[in-house]
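Let's take a walk through a protein model together. Keep the 3D view open and follow along as we go.

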Amino acid sequence: LRITPTRGPRLQTLKIYPNLQARGKKTEGDLEAHLNGFRFTVRKAASSDVKHVDILYRNIKHAFFQLSNKASTLILLHFRLKNPIMVGKNSTKDIQFFVEWMDDGESLVDNRRKNMYDRDEFEEENRQKEMKNKLDNEFKKFCDRVQDILPPDDPNEPEGDKIWEWDVPYTDLEFQGNPKSSMVELYPTVNCIVHLATKPVCIIELDSVDLAYYERVRGGNTNFDLTFVFKQFLDEDSKIADCWTRITAIDMKFYDNVKEVLQKSKLVQFEGTTQINWNNVLKDYIKNFDDISKDGGWEVIFGANDDEEEDEDDEDEEDDDFKGASSGSGSSDEESESDYSSGEPEDSDDYSSEELSDEGMDSDEAERWADEEDDRERRERKEKEARKGGGSAKRGRDDDSDDDRPKKKSGGIGSSKKGGSLGKKR
């Protein structure tokens, strides 16, 4: 670390996380910006090994500045580092400096006992607001001065972009979820989604995310889950369990805001109605990487094939229409064939065949055929008349036999031979 000859930007009486001292006592000190990094100097060091902590500017990947808000009693600076450093006896990539503008016990207990008409409490509330505003202004001035002295990203362009800029959480885009083991407030920033007030912190770097997947998105659900898959899952030395993270129990009222934020970050997004076993999915992706990446990546697994499915549906519909038309014509043909084979009377078929045979006759044959037809018709008429006459006589005999039949009610015996025989059998 290169120390500034003159006094640089400085914040006093800050606490540090991770804590440098054992037994849970919070370490206090001052944070000062120098030529190429920060130095945090401990005010009451327990030993000579923990007198200060140095952070180089070029080792900072993300620098967060969070002002006071209703959800937290902290004003803080948080640094996500590229390479871990030793803080006390711990190696860490996350280091935070903060101040509490209200005591936790006071914020949770005393606020419930406040009387808005009590003059002393009213003055105390005003003092707290003034102190909070003062601390916010001190942190803002510090951040602005640090931004001015930061080295350029490209040493050949002194007036170019700085190596990094402060990332401020958007409190108006706050949503609540459970990234670890409790419900917390999460805030989008330009580059991340963060929760910094309670420990352990949650920082999701959007530039390292390969996929955002919304789970349990279906009608009737009051909340959903959001899973982020990191690009590192393709690295050979990465553990699959460390390559994805899930934020659970996000209220559905935040769905549109979250989706809009991630769309602005140009992330690949999908959604589904159930939770997914990401360990298995990532293992299969790695195993079949060449085929999956060639066919479109995540769309092969989750999406997609939305357009292809629509095309296939259209083709299926066309095939069904074609099959329906052909089957319809076939059935109509069958119906027509059925009508043709069984609908006409047999006499008509015989007559039509005779007419067809008539076309090949000469005049003599036709004359003989006509005489034979006349004779046949005369015979048929006589037979019909004879049948009619015989039927009348038969009906008469049947009527007589009906009258001679024994009557069951009277038990008598008829005069006909048939009736007499029946009487004898009885």
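Start with two strands: β10 (residues 184–188) and β11 pair in the antiparallel sense, over two bridges. Strands here are DSSP runs of E, at least two residues long, numbered from the N terminus, and two of them pair if DSSP finds at least two bridges between them. Look for Y187, whose bridge partner in β11 is V194. With three residues between them, β10 and β11 form a hairpin.

Before going on, a word on where this comes from: you're looking at a predicted model, in which local features need pLDDT of at least 70 and side-chain atom pairs count only at pLDDT 80 or more, while totals for chains, interfaces and linings use all residues. Residues are numbered from 1 along each chain as its sequence is written, and side-chain values use heavy atoms, with hydrogens and water left out.

Now stay on β11, because there's a second hairpin here: β11 and β12 form it with six residues between them. Strand β12 (residues 202–205) and β11 pair in the antiparallel sense over four bridges, and H195 stands opposite C202. Which way do the side chains of β11 (residues 192–195) point? C192 and V194 point one way, I193 and H195 the other way, and all are buried. Buried means under 20% relative accessible area, exposed means over 50%, and partly exposed is in between (1.4 Å probe, protein chains only).

Speaking of cysteines, how many disulfides does a search of the whole structure find? It finds zero, a disulfide being a pair of cysteine sulfur atoms within 2.5 Å. C143 counts as buried because its relative accessibility is 3%, and C243 does so at 0%.

Next, the charged side chains. The structure holds 17 salt bridges, each one a side-chain nitrogen of Lys or Arg within 4 Å of a carboxyl oxygen of Asp or Glu. E28 and K15 meet in one of them (3.6 Å, N to O). That pair links distant parts of the chain, with E28 in strand β2 (residues 28–33) and K15 in strand β1, 13 residues apart. K15 also forms a salt bridge with E100, the closest N and O atoms being 4.0 Å apart. This pair links distant parts too: E100 sits in strand β7 (residues 90–100), 85 residues apart from K15 in β1. E100 is partly exposed because its relative accessible area is 24%.
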